[in-house]
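Work through the exercises below with the sequence and model open. Try each task before reading its solution.

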Amino acid sequence: MQAHRHSEKTRASYNGYVARGRAFLRVYCKGVDSDSAETCENEGESVEVPSTEGQLVDDNSATPWTDPLFAKAFGDTPNQYSPEALCLFITSKCINEGCKTSTAESINAAFKKLWDESCVATSST
């Protein structure tokens, strides 16, 4: 049934968006975990990351990227950080790379498909 839901070209495009999103998140989390943690590199561009140095933070709501679970936000099953990570990825593509609204909508559709299918697979087992 999965082979008939979307064309081969659409599936390949969606898989590409998911792969690039996961790569973005790895770079983002790696940059944040570094000693300086002020910026992270994304495809040669420097992206500002808010510093929490000297601030008291009781939970991860102010700095979700410090939670190890944030790095898994683009897994096959979404977690509490998936919406924020998706927003970061779409913002990076549109603002930093100059992509248009259609790219943002396609990225959103790709992750929606990924997570819808994982939820269906999980509930049917």
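This is a predicted model, in which local features need pLDDT of at least 70, side-chain atom pairs count only at pLDDT 80 or more, and totals for chains, interfaces and linings use all residues. Residues are numbered from 1 along each chain as its sequence is written, and side-chain values use heavy atoms, with hydrogens and water left out.

**Exercise 1. Cysteines**

Solution. 
- Apply the criterion: a disulfide is a pair of cysteine sulfur atoms within 2.5 Å.
- Check Cys 99. Its closest cysteine sulfur is in turn that of Cys 94.
- Classes follow relative accessible area: buried is under 20%, exposed is over 50%, and partly exposed lies in between (1.4 Å probe, protein chains only).
- Cys 94 is partly exposed at 22%. Cys 99 is partly exposed at 24%.

**Exercise 2. Helix 3**

Task: describe the span of helix 3 and locate its buried residues.

Solution. 
- Helices are DSSP runs (H or I, at least four residues), numbered from the N terminus. Helix 3 covers residues 82–96, 15 residues in total.
- Compare spans. The expected span is 1.5 Å times one less than the number of residues. From first C-alpha to last, helix 3 reaches 20 Å, close to the expected 21 Å.
- List the buried residues: Ser 82, Ala 85, Leu 86, Phe 89, Ile 90, Ser 92 and Lys 93.
- Look down the axis. These buried residues fall within an arc of 155°, so they line one face of helix 3. The arc is taken over directions from the helix axis to the C-beta atoms.
- Turn to the other side: Pro 83 and Ile 95 are exposed there.
- Look past the end. Gly 98 follows helix 3 and has a positive phi, near 75°.

**Exercise 3. Lys 93 and Ile 107**

Task: is Lys 93 buried or exposed, and which residues does it touch?

Solution. 
- Lys 93 is in helix 3. It is buried, with a relative accessible area of 10%.
- Contact means heavy atoms within 4.5 Å. Not counting residues up to four places away in sequence, Lys 93 touches Arg 20, Gly 98, Cys 99 and Ile 107.
- Follow Ile 107. Leaving aside neighbours within four places, Ile 107 is in contact with Tyr 17, Leu 86, Phe 89, Ile 90 and Lys 93.

Methods:
Helix = DSSP H or I, 4+ residues; strand = E, 2+ residues; numbered from the N terminus.
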